[in-house]
Amino acid sequence: MGSGNTGTAGPRLRAPKFPPGSGRASPGEQRPPPARCPPVGPRVRVQRGECRCVTALSSPQTGTFRIVSEEEQALRSKLERLTTKDHGPVFGKCEKIPPHTLQKAKDELNETEEKREVAVKALRELVQERAGGEDVCQKVAEKVQERDDSFLLRFIRARKFDVHRAYDLLKGYVNFRQQYPELFDNLSPEAVRSTIEAGYPGILASRDKYGRVVMLFNIENWDYEEITFDEILRAYCIILEKLLENEETQINGFCIIENFKGFTMQQASGIKPSELKKMVDMLQDSFPARFKAVHFIHQPWYFTTTYNVVKPFLKSKLLERVFVHGEELESFYQEIDADILPADFGGNLPKYDGKATAEKLFGPRIESEDTAL
């Protein structure tokens, strides 16, 4: 199927796989019947005739079961019908994680209050054990030494409380900075502020209904000679570091919307494969971020050339989360509510304001900031 309405062959349009808890069935997937209890485990009778659900623990070999409380059932039911109003702010630290988001962390990330402390301690010990190894392991130890437990928890959540995988992600985080030092040279909020004010990238002020932070890229007015690809990636790096301070964002992750309306052949030819590879490396195994979806809209037929350069670099997990819509946006608006989108992305809000976003991220402009990462 062609990209957009051009009739020319392009990336295959895929109907989206809806995230767990969206309440909709993906193509080929049978929609589960509505039920008060999760469709797992047998039903058992307890005191006063209450009907509760029994679910298997994470180690089925033991044959151990536990009773699911009514509160937990209610939270899971809540996760099936979330709206954009059910989540905390995008900018700033999270004052209190909503109960349904804690339930999501428990179900998707294997997180509990007890596991948090144990996992952070185990990861810190693993970092010290391997500090005498290869150079990147020494760099990891140096990076961790100056950070508190909340920093480590980001990596643990991003790898579903698998401590060894969290350590590998720490190595990727450090290695990305060694591999692309040009992205981090004198990197500070003030160094990228003008790029963010121009909207490269944008950030919605509201989370989507799944609690994800939505980042925007509108390619139509991008002059790659005025704002280079590296400058945009530097802005992404600052934004990710800043937004990942928020625990809701650590749990719910990010969604990226790429609006390719007005994408010119000159722009397509001006982007180097090495730059696209750098962008993919940033999205994969280099930040403790859960990238849950990437939506391309309004792309012309020659977008295929750029996409085919990127595609071999994408791991299967991220590739499954890329949705190429073209001009057929019904499935896109099913996922992203038009009420949180700016007009230049087909939404009901005013046109995107990058200066307002920069102020929410960094505060009012000042003479100088020396907060390099």
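Trainee: Is Cys 255 buried or exposed?
Mentor: Cys 255 is buried, at 0% relative accessible area; buried means under 20%, exposed over 50% and partly exposed in between, with a 1.4 Å probe and protein chains only. This is a predicted model, in which local features need pLDDT of at least 70 and side-chain atom pairs count only at pLDDT 80 or more, while totals for chains, interfaces and linings use all residues. Residues are numbered from 1 along each chain as its sequence is written, and side-chain values use heavy atoms, leaving out hydrogens and water.

Trainee: And Cys 237, buried or exposed?
Mentor: Cys 237 counts as buried because its relative accessibility is 1%.

Trainee: How many disulfides does the structure hold?
Mentor: The structure holds zero disulfides, a disulfide being a pair of cysteine sulfur atoms within 2.5 Å.

Trainee: Turning to the largest nonpolar core, which residues touch the most other members?
Mentor: They are Leu 123, Leu 170, Met 215, Trp 222, Leu 243, Phe 254 and Phe 291, out of 85 residues. Such a core is a set of buried Ala, Val, Leu, Ile, Met, Phe, Trp, Tyr and Cys residues joined through side-chain atoms within 4.5 Å.

Trainee: What does Leu 243 contact, leaving aside neighbours within four places in sequence?
Mentor: Its partners are Val 90, Phe 91, Ile 203, Val 213, Thr 249, Phe 254 and Leu 361, where contact means heavy atoms within 4.5 Å.

Trainee: Now Asn 218: what does it touch, not counting residues up to four places away?
Mentor: Asn 218 touches Tyr 200, Asn 259, Asp 344 and Phe 345. Asn 218 counts as buried, at 14% relative accessibility.
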